[in-house]
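Here are my notes for a first look at this model. Please read them with the structure open, point by point.

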Amino acid sequence: MRFLSENNFAALMGTSNATAHKWATSGVYPSHVVNGVRGFDMEELTEIPEVSAMINSNWEEESRVKPLRQYTSVELFAGGGGLALGMSLAGFHHVLLNEFDTSACKTLRTNCPNWNVIEGDVRHIDFTPLREKVDFLSGGFPCQAFSYAGKQGGFNDTRGTLFFELARAVTEIRPKVFMGENVKGLTSHEDGKTFDTICNVIKELGYTLVEPRVLKAIMYQVPQKRERLILIAIRNDIAKHVQFQWPSPYERVLTLRDALYKSVIFDKNVPKSEGVKYPEKKQHVLELVPQGGDWRDLPEDIAREYMGGSWLLGGGKTGMARRLSLDEPSLTLTCAPAQKQTERCHPLETRPLTVREYARIQTFPDYWNFQGTMSAKYKQIGNAVPVNLAWAIGRSLIRLFNDIQTLVPSETQDCTSAVREIMRKQSQLVVVKDNKTQTSKVEAVCTQLNFLDLFEQYELEPITQNCTVQEDIETEYGTKHNHHHLPINLTKNLLICNVKKDNWKQYLDGSAKIYYTGKKFPTTVALNRLYYFMPYLSGKGIRDLYYIKTARLGYRKEGQENEDKNDLRLVFEIQRVGQLFDDYKKVKLEIWRTFTDTTMDKLLYL
C-alpha cells in the first residue's frame, strides 16, 4: 500500500489539513491508520487525477530522455539558478543568462564559470544578434500591474513591465519555443486582465500557447508546497506539427525528512551551514510549539502577546509561530525564514532553517554554492524555481524538441560570435544600478549612478574610453517631419536634459560639443539606445536637436578652464543637427525635473 497521510493528501489536493481530516473521518474517502497516523491508500483514490497520475507515473522513463542534438537556450531573470540548473540537467545548453542582482550573478558564475552571465537591467540588452540562432528562451518574469493604456490587451499594453522585456526578447531572437513562469495568482490578477493581456501578446508574437498549467512542486520530487504557473508557447510554423506533453509526476509525495536526511534525492544528511537566529523572546515562544504546530498550540496569553494586532484578524494565520513537520512537505519558502507572518521553524530544533536546509527544500544540490550576504542567499533560494520541478519541465521540453528535430531536422547554431557581440555592447554601457528589485515604475528605480564605482570599474582603462551609442551619424535618417525639415528618424530614442544657466552660452550659439550630467543620472535610461539629445534651458524649454555620438565617464566642466577632475560625471559627446522648433517649447521634465527619456515621434506629436 502506498500510504498518503491526511496532511500530505491535503497538500496534493491544495486544500487545508482540516478539510482532509474531515474527508477521512466522514468517509468521503476511505481512510486508514498506519503507525498512529491517519491517511489514505493511494490505490483507493484512483478517481482523483493527481493520485492517478502518480500511480501511473512515467517519471523514471522520462528521466532517461536525452536530446537528439545540442539544444541552445537563453534565460532571463535567472536569479540564483534554480530554473537554469534544472534546464541544464535536462539537456539544454545555455548560451546566455541575464540577471539584475549582483549576488545572484556571482552565484551563477561561481557554480557554472562557462555560462555567459550578463549582469544588469534586461532593458539594456539587444538580443538581435541571436535572431533564429537559439532554440529555446525562458524566464520567470516578475509581474507588475499592467496599465492597459491601449485597452486592447496587446503588446503595447505591457510596455514598462518585465513581461514586455521577455516578449521583446522573443521578437528579437525568434526561438522555436519559449517559456514563462510565474505565481499561480497571475491568472486572477486584475480580475484576469493581466493574464488575458499576456495571452494576447503571445498570439501577437506569432506563437501558439499550450494550455497553461499550475504545477504543484510536491508532485515533481520537491519536498515543498509550492505552485508555479507555467506558460509554454511554440512558434506558429512549428506548433501545428507537434504536441507538448506535460511531465509525469513522481510516484509519491516527498517530505521535509527527504530534504534534511539521506533520501531518494540526497545521498547524505544535510550539511551544517550558516543561518539566522531567533531573538531570545521569540525563541522562548517557539519552544512551546510542537512539530507541525503553530500559534494555536500556544497558551492563549502568550499567543495574544506574540501575535499582537493579528490576534484580532480573521483567518487561520497558520504561518505565525509555525514549526514545520518532518513528515510533511515544507510550506512554501519565502525570502526570509524568520518573518513573523511566515515562520519556517526547524521541526526538531527551535531555530529558523539554515541556508543549506533552505537550498535542499528547493532541491538544489549541496555543491551549489550561493554567494553574497546571508540575507542575499536566503533571497536567491526563496525566489528560485525548485530545481527538480525545472528538471521535470525541462525533460518534457527536450521531448518536444526531439519531436521537432525528427520532423524538421536542423543543426545547432554556433552562437559564440553573437553572444560575444551582445556582451561587448553590454560591457560598454556606462550604467550602474542598485540591487533593488526591478519594477515597471520609473520613479521606483531612478537611482543615482555611483560615479566612484564607475571610476573603479574603468580604472585600468583610459578615463575617456568611449561607450559608442551610435557609430555613423552620416547615415540617411528617415523622412522629413518637422518645421525645419531636419533629417530625423521618428523611432529613435531621445533624451532631454536640463542645462544650468552657467552653461547656456554654448547651447545658445550651437557650439556645444559635450553635455555632462549632474551628480545624479537615472539608471532607467538605456544608454545603448539613446540617439538624440535636446538641451532644456531652464525657464525657456527645448528647441535644438543634437546627435549623441558617445556616452562615457568624464568630468564636470570638462574641457573648460575650471574643469574638476575630482568631480566625476556622465558625459555625452554631441553634434548639433539643427533647430527643431521655431521657438523654445516647454515640455515636462519627468525624472527628478531634470530628464525626460522619450522617442522622437512622441515629442513631435505633443
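1. Helix α5 passes helix α15 in a right-handed crossing. A crossing is right-handed if the near helix is turned clockwise from the far one by less than a right angle, and left-handed if anticlockwise. Helix α5 spans residues 82-90 and α15 spans residues 387-407. The two pack at an angle of about 45°, with their axes 7 Å apart. Axes are lines fitted to C-alpha atoms, for helices over the stretch in contact, and angles run from 0 to 180 degrees between N-to-C directions. The pair is therefore oblique. Angles under 35 degrees count as roughly parallel, over 145 as roughly antiparallel, 65 to 115 as roughly perpendicular, and the rest as oblique.

2. A word on the source. This is a predicted model, where local features need pLDDT of at least 70, side-chain atom pairs count only at pLDDT 80 or more, and totals for chains, interfaces and linings use all residues. Residues are numbered from 1 along each chain as its sequence is written, and side-chain values use heavy atoms, with hydrogens and water left out.

3. Which residues join α5 to α15? From α5 come Gly82, Leu83, Leu85, Gly86, Met87, Leu89 and Ala90. From α15 come Val387, Ala390, Trp391, Ile393, Gly394, Arg395, Leu397 and Ile398. Contact means heavy atoms within 4.5 Å. By class, this contact has 11 nonpolar, 3 polar and 1 charged residues. Nonpolar covers Ala, Val, Leu, Ile, Met, Phe, Trp, Tyr, Cys and Pro; charged covers Asp, Glu, Lys and Arg; the others, Gly among them, count as polar.

4. Look at Gly394, which lies in α15. Its relative accessible area is 0%, so Gly394 is buried. Buried means under 20% relative accessible area, exposed over 50%, and partly exposed in between (1.4 Å probe, protein chains only). Not counting residues up to four places away in sequence, Gly394 touches Met87, Ala90 and Phe92. Gly394 and Phe92 are 302 residues apart along the chain, yet their C-alpha atoms are separated by 7.9 Å.

5. Now the whole chain. It has 20 helices and 20 strands. These are DSSP runs, numbered from the N terminus: helices are H or I with at least four residues, strands are E with at least two. Of the 606 residues, 54% count as buried. Among contacts between residues at least 6 apart in sequence, 72% join residues at least 24 apart. The accessible surface comes to about 27,300 Å², and 48% of it belongs to carbon and sulfur atoms. Those areas come from the Shrake-Rupley method with a 1.4 Å probe; for residues, only the protein chains shown count as cover.

6. Helix α1 (residues 6-13) and helix α2 (residues 17-26) pack at an angle of about 115°, with axes 8 Å apart. They are therefore roughly perpendicular. This crossing is right-handed. Glu6, Asn7, Phe9, Ala10 and Met13 of α1 make the contact with Asn17, Ala20, His21, Trp23 and Ala24 of α2. By class, it has 6 nonpolar, 3 polar and 1 charged residues.

7. What is buried in helix α14 (residues 374-383)? Ala376, Lys377, Tyr378, Gln380, Ile381 and Gly382 are. Their cover includes α6 (102-111) and α13 (355-361).

8. Check two backbone angles. Ala321 has phi near 55°, a positive value in a residue other than glycine. Ala321 lies in the loop between α12 (300-307) and β13 (330-331). It counts as buried, at 0% relative accessibility. Thr363 is not a glycine either, and has a positive phi of about 60°. Thr363 is in the loop between α13 and α14. At 5% relative accessibility, Thr363 counts as buried.

9. Last, two glutamates. Glu43 is in the loop between β3 (37-41) and α3 (49-55). It counts as partly exposed, at 39% relative accessibility. Leaving aside neighbours within four places in sequence, Glu43 is in contact with Arg2 and Ile55. Glu43 and Arg2 are 7.2 Å apart, C-alpha to C-alpha, and 41 residues apart in sequence. Glu44 is also found in the loop between β3 and α3. Glu44 is partly exposed, with a relative accessible area of 33%. Beyond neighbours within four places, Glu44 is in contact with Pro30 and His32.
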